[in-house]
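Dear colleague, here is a note to read beside the model. Please keep the sequence and the structure open while going through the points.

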Amino acid sequence: MKIAILYICTGRYDVFWTQFYKTAEIYLCPNVEKHYFVFTDSDNIKTENNIHKIYQAPMGWPNDTLMRFHLFDSIKTELLNFDAVYFFNANYAFITPIQYNEIKPLAENNNLIGQHHPVAYHFRRKQFKYEANPISTAYIAPNEGVYYLAGGLIGGATKEFLDMCLVLKNNIDKDTENNVLAICHDESHINRYFVDFPPRILHPGYCYPQDWYLPFPKKTLLRDKSLLGGHNFLRGDNADNFSAGIKYKVHAWLFKIKLYIRALNYKLFGFSYI
């Protein structure tokens, strides 16, 4: 059994790499041979041991995330040597053992892995941020879709994963030709594909944002980007400094209360409007 782990960290996102790699080596599928394919322009990351560096310059937002399927498809020959392939967002860290059986692709679920989004687990269908523009290849009709799934963790048996990458790569190219950008970029396209090919769905605890509360077991830690300068800084702009000072602390405290109320509503009613 060998699995490939796909990882993108261009520009300042390389700050997440060391913790990701060290914790994955300890906790992620500990009895399985793992190889990491890292798309990066960082001088601090080298090809060595089970790390395979693929040079990739930043493409700018949102192409840094939207074009991920083009990157994955570009190394399909190498990936065919593996039994399964997984992609994790750069700010993932692993905090407890995750055995392969927990995330193993299953034939009854199209040999694909998706993840219930931690931001949308409590929503009803009408609140999902699906693509609503019928011109886009990511369009999902109002009578389609059961879950809103995250783009931060996707996986599958190698053949099915590569099939998905090729379809989404072509769909994104078609949207680009038509001057259409899906509302949540690659995540919109992933949700469209998973409507057609429902995956095995992991609960939101596999994408547990740092300092949040979710009514699910904490399996991973999604590191808070605001503590490292924020989204804009990591994408190459100036730091927003929002994480400093009393304003941030008050905001974080109020947000935590909201998360507890949301979780309680979910447990009692199966959904929450907040």
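**Notes on the predicted model**

1. Strands E1 and E4 (residues 84-88) pair in the parallel sense over four bridges, where two strands count as paired if DSSP finds at least two bridges between them. Within this pairing, Ile5 stands opposite Tyr86 of E4. Helices (H or I, at least four residues) and strands (E, at least two) are DSSP runs, numbered from the N terminus.

2. The model is a predicted one, in which local features need pLDDT of at least 70 and side-chain atom pairs count only at pLDDT 80 or more, while totals for chains, interfaces and linings use all residues. Residues are numbered from 1 along each chain as its sequence is written, and side-chain values use heavy atoms, with hydrogens and water left out.

3. E1 also pairs with strand E2 (residues 33-40), in the parallel sense and over seven bridges, and the bridge partner of Ile5 in E2 is Tyr36. Between these two strands the chain passes through helix H1 (residues 17-27), and this β-α-β crossover is right-handed, meaning that, with the strands pointing away from the viewer, the path from the first strand over the helix to the second runs clockwise.

4. How is strand E1 (residues 2-8) placed relative to the rest of the structure? Six of its seven residues are buried, so E1 is largely enclosed by the rest of the structure; here buried means under 20% relative accessible area, exposed means over 50%, and partly exposed lies in between (1.4 Å probe, protein chains only).

5. In helix H1, the buried residues are Trp17, Phe20, Tyr21, Thr23 and Ala24. The elements that cover them include E1, E2, E3, E4 and strand E5 (92-94), with contact taken as heavy atoms within 4.5 Å.

6. Asn50 sits in the loop between E2 and strand E3 (51-55) and counts as buried at 12% relative accessibility. Leaving aside residues up to four places away in sequence, Asn50 touches Tyr21, Glu25, Lys34, His35 and Tyr36. Which local backbone features deserve a look? Most residues other than glycine have a negative phi, and most peptide bonds are trans. Cys29, in the loop between H1 and E2, has a positive phi of about 45° although it is not a glycine, and at 1% relative accessibility it counts as buried. His185, found in the loop between helix H6 (158-177) and H7, likewise has a positive phi, of about 55°, without being a glycine, and it counts as buried at 15% relative accessibility. The peptide bond from Trp61 to Pro62 is cis, with omega near 5°, and Pro62 belongs to the loop between E3 and helix H2 (63-66).

7. The count of salt bridges comes to five, a salt bridge being a side-chain nitrogen of Lys or Arg within 4 Å of a carboxyl oxygen of Asp or Glu. One of them joins Asp186 to Arg68, with the closest N and O atoms 3.2 Å apart. Asp186 lies in helix H7 (residues 186-196) and Arg68 in helix H3 (residues 68-74), so the pair ties together parts that are 118 residues apart in sequence. Both Asp186 and Arg68 are buried.

8. Lys219 forms a salt bridge with Glu102, and the closest N and O atoms of this pair are 3.1 Å apart. The two partners link distant parts of the chain, 117 residues apart, with Lys219 in the loop between strand E8 (200-202) and strand E9 (220-222) and Glu102 in helix H5 (residues 100-103). Both Lys219 and Glu102 are buried.

9. Within helix H7, the side chains of Asp196 and Arg192 meet in a salt bridge (2.7 Å, N to O); being four residues apart in this helix, they are separated by about one helical turn. Asp196 counts as partly exposed at 44% relative accessibility, whereas Arg192 is buried, with a relative accessible area of 11%. Glu144, Arg192 and Asp196 are linked in a network of salt bridges.

10. Val250, found in helix H9 (residues 246-269), counts as partly exposed at 41% relative accessibility. Tyr273 and Asn50 are 223 residues apart in sequence and 45 Å apart in space, C-alpha to C-alpha.
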